[in-house]
Amino acid sequence: MNHVTRPDVTIFTYGFRPFFLAAGVWAALAIAIWIAVLQTGISLPSRFDPLTWHIHEMLFGFVMAAIAGFLLTAIANWTGRPPVQGALLAGLAFFWLAGRAACLLSAYLSPWQVLAADLSFPLVFLGVIARELLAARNWRNVPLLAPVLILSAANLLMHLEAYGYDMPAGLGWRFAVCAIVILISVIAGRIVPTFTRNWLNQRKSAALPRTGQAVNRAALVLLHTGLLAWVVFPETDYVGGLLIAAGAANLWRLWQWRGDLVTAEPLLLVLHIGYAWLVLGVVLLGLSVLWIAVPQTAAIHALTVGAMSTMILAVMTRATRGHTGHPLAADRATAAIYVLIVCAALGRVVAAFGLWTNALLVVSALFWIAAFGVFSLHYGRMLTRPRIGT
């Protein structure tokens, strides 16, 4: 049998393959563990308390794997260099897996062993993508190293806070949320209007997305400034006002991308829905600073379960289909994934307001597990098999 057809070889031929699969499986498994802990009170063999472990693994386990899969794949396209593959890619996947095991079983390890295991992946990953960009003199995309560097620092801060070091409460996870939302806002500005325009051009539509630089610049400056201010001054009134203004500017930005014209194609529409969750989350975050009736957890879950997870699934499904030779159109399983993650986000945000909280937490978790379970099963076959036609 030709060796390229073996799944154990195929999966390490491109960055999206192992890391998208890892993101999908870990997203479902980690939430299943979390909801079991929440409902039964069982303890984890971890130095993190259950809530901190949950936050940490969503941000630095699930999201970080998805970011790695996207950037390793995109950088090969941006630079024209061969993709990171083979032993190096397998090594990166091993470091990511070691971090997950170390955090879950950290009660049996010293703090420094856990730190070494968990930080090895983001630091090696940062070095790999920096090498690729600098070797190709791809200066335009070098700024994308900053969010990965911030995520590495945020990961360290979460560990140090959990180990009892004196620092502002929640600083690490706030930095992580900030970095991820900033990354989404930049990448979305590149891909959402472009993919939308391409699809509309194929259908000879007279109406197309608008990408005015002034609007884009203002929306991003307000958003990035507001988020960074919130990280440092999370309870200051002017930060709340800045975040609401950022939400309004990004709503206008989103409207210019003309998502109303692509409702016939879920593979495109979901990108617009994901960015709409970002807008809602930022506005809710601003309101939570100014008005006690809006809980911060509603805003955080609009940004995480809503924006991050919807955008991640949108990108993972599209990139997987494109790079494996499948049509760039959502089949039934893919459309179901999108519906399930939107239901999960809606349930979790509503639960934060104290309405049927426990029941909605469980229902939201089940929708989430189903979304990522279907992704792992349906797309796992594409991720572990050679591209169609090769």
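Asp331 counts as partly exposed because its relative accessibility is 25%, where buried means under 20% relative accessible area, exposed over 50%, and partly exposed in between (1.4 Å probe, protein chains only). Asp331 forms a salt bridge with Arg321, the closest N and O atoms being 3.4 Å apart; a salt bridge is here a side-chain nitrogen of Lys or Arg within 4 Å of a carboxyl oxygen of Asp or Glu. This pair links distant parts of the chain, ten residues apart, with Asp331 in the loop between α11 (296-323) and α12 and Arg321 in helix α11, the helices being DSSP runs (H or I, at least four residues) numbered from the N terminus. Arg321, with a relative accessible area of 5%, is buried.

The model is predicted, so local features need pLDDT of at least 70 and side-chain atom pairs count only at pLDDT 80 or more, while totals for chains, interfaces and linings use all residues. Residues are numbered from 1 along each chain as its sequence is written, and side-chain values use heavy atoms, with hydrogens and water left out.

**Other salt bridges**
- Six salt bridges are found when the whole structure is searched.
- Arg100 and Glu57 meet through their side chains at 2.5 Å, N to O, and this pair joins helix α4 (residues 86-104), which holds Arg100, to helix α3 (residues 50-79), which holds Glu57, across 43 residues.
- Arg100 counts as buried at 4% relative accessibility, and Glu57 counts as buried at 0%.

**Loop residues with a positive phi**
- Arg258, in the loop between α9 (237-256) and α10, has a positive phi of about 60° although it is not a glycine.
- The side chain of Arg258 meets that of Asp260 in a salt bridge of 2.9 Å, N to O; Arg258 is buried at 15% relative accessible area, whereas Asp260 counts as partly exposed at 36%.
- Arg137, in the loop between α5 (111-135) and α6 (145-162), also is not a glycine and has a positive phi of about 55°, and Arg137 is exposed, with a relative accessible area of 61%.

**Helix packing**
- The axes of helix α7 (residues 171-202) and helix α10 (residues 266-290) come within 10 Å and cross at roughly 150°, which makes α7 roughly antiparallel to α10, a term for angles over 145 degrees.

**Surface**
- Phe353, in the loop between α12 (332-352) and α13 (357-384), counts as partly exposed at 40% relative accessibility.

Methods: Helix = DSSP H or I, 4+ residues; strand = E, 2+ residues; numbered from the N terminus. Axes fitted to C-alpha atoms, helices over the stretch in contact; angles between N-to-C directions. Parallel < 35°, antiparallel > 145°, perpendicular 65-115°, else oblique.
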